[in-house]
Amino acid sequence: MDWQLLKPSQMDGTLTFRYDTTGQPVALLPARCKLGRHTLGHSQFRAVVHDGEVHISCLACANSGADHFWRLAATAPAPDRAELCEELYNELALGRAQRALSTARVDDAH
Ligand SMILES: [Zn+2]
């Protein structure tokens, strides 16, 4: 049995970044928290890099005990700067929904 598959929090994607006009890398972070409840602003989230992973934690969700952080694989040292990206959130949310559908056949309650 592959216990990796049973972990409740899977890797959500890979940290991406763009280059600004001066050639400096800027990390792109999802603009909303993992559950889509909150728009992430400077006072509402914390990004932590360790062991090749970036955890972007929504402080409001963390307080409520929910699945509150994105896990992104960092393949290169994280840039000093970061910005929030709505499109990235949409991509991650879509990928997450597709994984949920492929790993569990649950009747959609919507
Ligand atoms: Zn949240």
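This section describes the confidence and the strand arrangement of a predicted model.

Residues are numbered from 1 along each chain as its sequence is written. Because the model is predicted, local features require a pLDDT of at least 70 and side-chain atom pairs count only at pLDDT 80 or more, whereas totals for chains, interfaces and linings use all residues.

The mean pLDDT (the predictor's confidence in each residue, from 0 to 100) of the protein is 84, and 85% of the residues score at least 70. Where pLDDT is low, the predicted coordinates should not be read in detail.

An open sheet of mixed pairing comprises 3 strands in the order β2-β3-β7, pairing being assigned if DSSP finds at least two bridges between two strands. Strands β2 and β7 (81-85) are the edges, each pairing on one side only. Neighbouring strands of this sheet are turned by 40 degrees against each other on average, direction ignored; axes are lines fitted to C-alpha atoms, for helices over the stretch in contact, with angles from 0 to 180 degrees between N-to-C directions.

Strands β2 (residues 16-19) and β3 (residues 25-30) run antiparallel and are joined by 4 bridges. T16 has L28 in β3 as its bridge partner. The hairpin of β2 and β3 has 5 residues between the strands, and G23 adopts a positive phi near 85 degrees there.

Note on methods: Helices (H or I, at least four residues) and strands (E, at least two) are DSSP runs, numbered from the N terminus.
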